[in-house]
Amino acid sequence: MKVMLRLSAVLISVLFFFPLCGYSYIDLGSGSYIIQLLIAGFVGFSLSLRIFWKKIRSRLSKKAKPDETVDAK
Amino acid sequence: MPSESQALPSSFRDPSGFLFEREGGLYRQVNRSYQGDYDLLFSSGLYKALTERGLLVRHDETDVPPPDPQLAYKILKPQLVPFISYPYEWCFTQLKEAALATLKIQKTAFEHGMSLKDASAFNIQFVDGRPLLVDTLSFEKLQLRPWIAYRQFCQHFLNPLLLIAYKDFHLNQLSRIFIDGIPMGLASRLLPFRTRLRPGIATHVHLHAMSQKVFSKKTVKVRERQVRPVSLAGLVESLDSLVRKLSLRLKKTEWAQYYQETNYSPEGFERKKRIVEEFLDIMKPDTVWDLGANTGIFSRLASRKGIETVAFDVDFIAVEVNTRDCLEQKEKNLLPLVMDLTNPSPAIGWENRERKSLQERGPADAALALALLHHLAISNNLPLPKIAEYLSGVCRWLVIEFVPKTDSQVQRLLATREDIFDHYTRSDFEEQFSRAFLIVRIAPVEGTERILYLMKNRSSL
């Protein structure tokens with residue numbers, strides 16, 4: 001029951017900030033809409049982090065390469 | 001004015017267009033309201049990308065007069081699907097392949113600035129052994145908002161896959177009762193507790209079901225809400241990763257028994273195969289239904305001749321074994337399906353006309369009923385005239401095996417019950433089947449007590 005109440009609080013706050021929109025011939029439904037926003041937000045955030053981390057790594061490796069050539073010379 | 005009454009009974013939900021039949025041909029009307037998305041499907045390169053990968057049905061635009069000219073933008077002639085099958089007739093691997101194909105299509109659509117506006121398992125058909133999206137009108141311009149087909153994907157694909165993998169494969173039949181997919185709440189209640197500890201299942205199923213329950217009676221104001229592309233891609237990736245990891249685990253012994261089914265010698269088995277091949281050469285069918293196909297050994301005699309063959313069996317695991325073999329050997333003309341012939345797929349949906357019954361999807365040019373008769377007549381108490389009548393409704397030619405009471409397999413069926421089958425004799429069998437069929441050939445299988453018959457439906461004479 002506590003879990004349900006907590007989840008409801010989270011979902012209702014999400015609903016307050018991101019209200020539902022209707023637009024297609026099939027019905028997504030409020031519950032599916034809310035949970036999708038939560039999952040999409042979470043996986044989107046972790047995917048962004050991964051992309052960001054990859055970019056940093058590739059920049060660092062690019063910076064490291066010229067130094068290596070200098071050393072080689 | 002012609003009306004959409006000419007549309008197929010299954011084609012009415014999506015206002016973008018509908019399927020119709022004319023002079024034996026199948027066509028799709030694209031409505032003007034869908035013009036923008038239809039044009040984008042081509043200008044974005046999505047149609048080309050998907051058809052080249054064998055994921056979307058090909059079509060030609062035609063000049064056939066539209067059934068509803070006021071609404072019509074284009075008339076398409078789609079590539080024909082040899083046999084329409086439904087998700088409740090698929091085994092685990094077929095359902096998983098169909099789910100992964102849907103997600104792959106969605107990912108490709110994203111790359112081309114489009115998105116799937118529905119994710120119905122009924123839109124997927126198996127052609128050349130691979131899953132194919134057969135609804136050309138399933139795409140819309142990608143808009144940065146939640147995926148409208150998310151719940152449908154979960155109900156049509158994710159829930160049945162999870163229930164088969166974690167609970168029992170018979171639960172796939174729930175898709176027959178719930179035509180819009182297995183409800184989230186029901187799937188959540190049926191899945192074992194340990195699935196709540198797996199993050200993917202906990203969120204996409206259990207929290208999803210809980211969220212539906214919480215908001216089921218709430219009225220919500222409508223307003224646009226943007227979702228970042230990376231979030232949409234992440235959602236699809238998350239579903240893909242979850243589905244990909246699912247597997248149907250069985251003990252080695254459970255698999256093995258399907259390869260040791262017969263009670264006669266390898267020589268007898270080979271003779272039976274030769275007779276069936278000989279009969280196939282006489283019939284020259286374009287389509288074959290193998291009724292009670294087990295793992296499809298005899299079905300392959302037909303499919304490897306290039307004949308479109310459907311291998312039906314009541315045993316989910318036999319169909320699973322057959323499907324895995326088909327995938328491994330890249331079989332193109334063989335479609336294994338789960339079917340209980342004593343309770344075949346009925347017509348279901350609105351007006352009982354949305355999804356066809358098995359019989360409505362026939363007749364096949366030829367049916368194979370090998371080692372089937374004794375199961376129907378003795379295990380299921382079906383009188384011979386009823387069996388003959390049913391089979392005459394599903395095929396033009398019939399190859400049927402008569403297994404006498406003295407055969408050890410029939411003895412096994414009779415071991416635990418009273419023999420009330422006085423009419424289960426060769427002479428009664430021939431007499432009853434002769435009413436609906438003309439007996440063309442009789443071939444005893446040497447080294448066994450079994451007899452193969454080649455019969456022609458009297459209504460096809």
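User: In which sense do β3(B) and β4(B) pair, and over how many bridges?
Analyst: In this predicted model, β3(B) and β4(B) pair in the antiparallel sense over 4 bridges. Two strands are said to pair if DSSP finds at least two bridges between them. Helices (H or I, at least four residues) and strands (E, at least two) are DSSP runs, numbered from the N terminus.

User: What stands opposite B:H59?
Analyst: B:H59 stands opposite B:P78 of β4(B).

User: How are residues and chains labelled, and which pLDDT limits apply to the model?
Analyst: Residues are numbered from 1 along each chain as its sequence is written, while chains are lettered from A and ligands numbered from 1 in the order in which they are written. The model is predicted, so local features need pLDDT of at least 70 and side-chain atom pairs count only at pLDDT 80 or more, whereas totals for chains, interfaces and linings use all residues.

User: What is the strand order of the open sheet with 4 strands?
Analyst: The order is β1-β2-β4-β3 in chain B, with antiparallel pairing. β1 (17–22) and β3 (59–62) of chain B stand at the edges with a single partner strand each, so one side of each has no neighbour in the sheet. Neighbouring strands of this sheet are turned by 35° against each other on average, direction ignored. Such angles come from axes, which are lines fitted to C-alpha atoms (for helices over the stretch in contact), and run from 0 to 180 degrees between N-to-C directions.

User: Where does B:Y73 lie, and which residues is it in contact with beyond four places in sequence?
Analyst: B:Y73 is in strand β4 (residues 72–78) of chain B. Leaving aside neighbours within four places in sequence, B:Y73 is in contact with B:V30, B:N31, B:R32, B:Y34, B:Q35 and B:Y38. Contact requires C-beta atoms, placed from the backbone, within 7 Å.

User: Why is B:Y73 classed as partly exposed?
Analyst: B:Y73 has 17 other C-beta atoms within 10 Å. A residue is buried if 20 or more other C-beta atoms lie within 10 Å of its own, exposed if 12 or fewer, and partly exposed in between.

User: Changing topic, what does helix α3 of chain B pack with, and at what angle?
Analyst: α3(B) packs with helix α12 (residues 316–328) of chain B at an angle of about 50°, their axes being 8 Å apart. α3(B) is therefore oblique to α12(B); angles under 35 degrees count as roughly parallel, over 145 as roughly antiparallel, 65 to 115 as roughly perpendicular and the rest as oblique. B:F92, B:T93 and B:Q94 of α3(B) make the contact with B:E320, B:T323 and B:R324 of α12(B).

User: And the open sheet with 7 strands: what kind of pairing does it have?
Analyst: The pairing is mixed, and the order is β11-β10-β9-β12-β13-β15-β14 in chain B. The twist averages 20° from one strand to the next. β14(B) pairs with strand β15 (residues 451–457) of chain B in the antiparallel sense over 7 bridges, and B:I442 stands opposite B:Y453 in β15(B).

User: Which strands does helix α10 of chain B touch?
Analyst: Helix α10 (residues 266–283) of chain B packs on the sheet and touches β12 (364–369), β13 (395–402), β14 and β15 of chain B. The direction of α10 makes about 15° with that of β15(B).

User: How many helices and strands does chain B come to?
Analyst: Chain B comes to 16 helices and 15 strands. Buried residues make up 44% of its 461 residues.

Methods:
Contact = placed C-beta atoms within 7 Å.
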